[in-house]
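Here is a short note for a colleague, to be read with the structure open.

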Amino acid sequence: MSVFNRGFKTEEAVEVTLNHSLRYELLGSNNQDVKLSTNKICAPRIGPSDEITVLLLVESGTFKQEDIVLCLSKDTKGVVVAKPELVPPTGQQRIGLVGAVVLVPALLYAASLGIDYAFELLNPGAKAAIARAEKKEEQELHGWKVPWFEIDKPGLYSDFKAGSITAVVGSPTKKGDVVTVPVSVSNATQRVLRYNLEVNSAGSSKRFKSFESYVPDVIVTPGGKEQRSVNIVIPQSGGSAAERTAFISLQLTDLSGNSLNLQSQLLVQQ
């Protein structure tokens, strides 16, 4: 779960209230000041255009978007969205968009003076915007989807990109309509890693309880490799592509609280 500040000022006394009927454990965060109090995530402040990300273990039920009851700061009420791409742009980005519309005629007029010079002079944030767009192309990495907000983080993303940390989805095995999906994580860094693995399919909820699709707290020591498997339900014959797809979520953390969330899909053949 990530909490974004898209305004121009620091938001103070940030609280995210969760469904009180579930149980929560804070596994990690990119901000050491974040605390969990029963069903409330509390952060003293979030700076302009900044964000905090937390990794939660949820028990006693399946966590859904509607289980995020309220997001408040000292002065602002937050909005809950389901996908990172639905997060609104920062205040600086909004100004950049308005500025770009206003400056287009001026840029055309200045073409004879040198387009590059005029563009950089009138829109100094253009290069940074292009760099961010290029980074979004890196979301597909080693067969995994990496959320865009993970790319700017130091540590685990850099190690994963360089191949010092690898995550491999192995070949599934079948027994009737039960398919076993193995996932292994190798650690060639000097840090101790912990990962949580979740594998689901469209038909799994009818056969397995939610905790049976989740493998928590697997420790991978430096130079080590750990593999875990999860059973899902896939139709023995027929079925749509959606029914035959395994949805895989891998959450990596280290002892310093750095985290990396990876998503993958596997189409299981008949």
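What is the order of the three strands in the open sheet, and with which pairing?

1. The order is 1-6-3, and the pairing is antiparallel. Strand 1 (2–4) and strand 3 (23–29) are the edge strands, each pairing on one side only. On average, neighbouring strands of this sheet are turned by 35° against each other, direction ignored; the axes are lines fitted to C-alpha atoms, with angles between N-to-C directions running from 0 to 180 degrees. Strands here are DSSP runs (E, at least two residues; helices are H or I, at least four), numbered from the N terminus, and two strands pair if DSSP finds at least two bridges between them.

2. This is a predicted model, in which local features need pLDDT of at least 70 and side-chain atom pairs count only at pLDDT 80 or more, while totals for chains, interfaces and linings use all residues. Residues are numbered from 1 along each chain as its sequence is written, and side-chain values use heavy atoms, with hydrogens and water left out.

3. Strand 3 and strand 6 (residues 51–59) run antiparallel and are joined by six bridges. Glu25 has Leu57 of strand 6 as its bridge partner.

4. Strand 13 (residues 193–200) pairs antiparallel with strand 14 (residues 214–220) over five bridges, and Leu197 is partnered by Val215 in strand 14. Strand 13 is also joined to strand 16 (residues 245–254), again antiparallel, by eight bridges. There, Ser249 in strand 16 is the bridge partner of Glu198.

5. The structure holds one aromatic pair. The ring centres of Tyr24 and Phe63 are 6.3 Å apart and the planes stand at 90°, so the pair is edge-to-face. The rule takes rings of Phe, Tyr and Trp (its six-membered ring) with centres within 6.5 Å; planes under 30 degrees apart are stacked, over 60 edge-to-face, the rest tilted. Tyr24 is buried at 12% relative accessible area, whereas Phe63 is partly exposed at 30%. Buried means under 20%, exposed over 50%, partly exposed in between (1.4 Å probe, protein chains only).

6. The count of salt bridges is eight, each requiring a side-chain nitrogen of Lys or Arg within 4 Å of a carboxyl oxygen of Asp or Glu. Asp159, Arg191 and Asp254 are linked in a network. The closest N and O atoms are 2.9 Å apart for Asp159 and Arg191, and 2.6 Å apart for Asp254 and Arg191. Asp254 is buried, at 8%.
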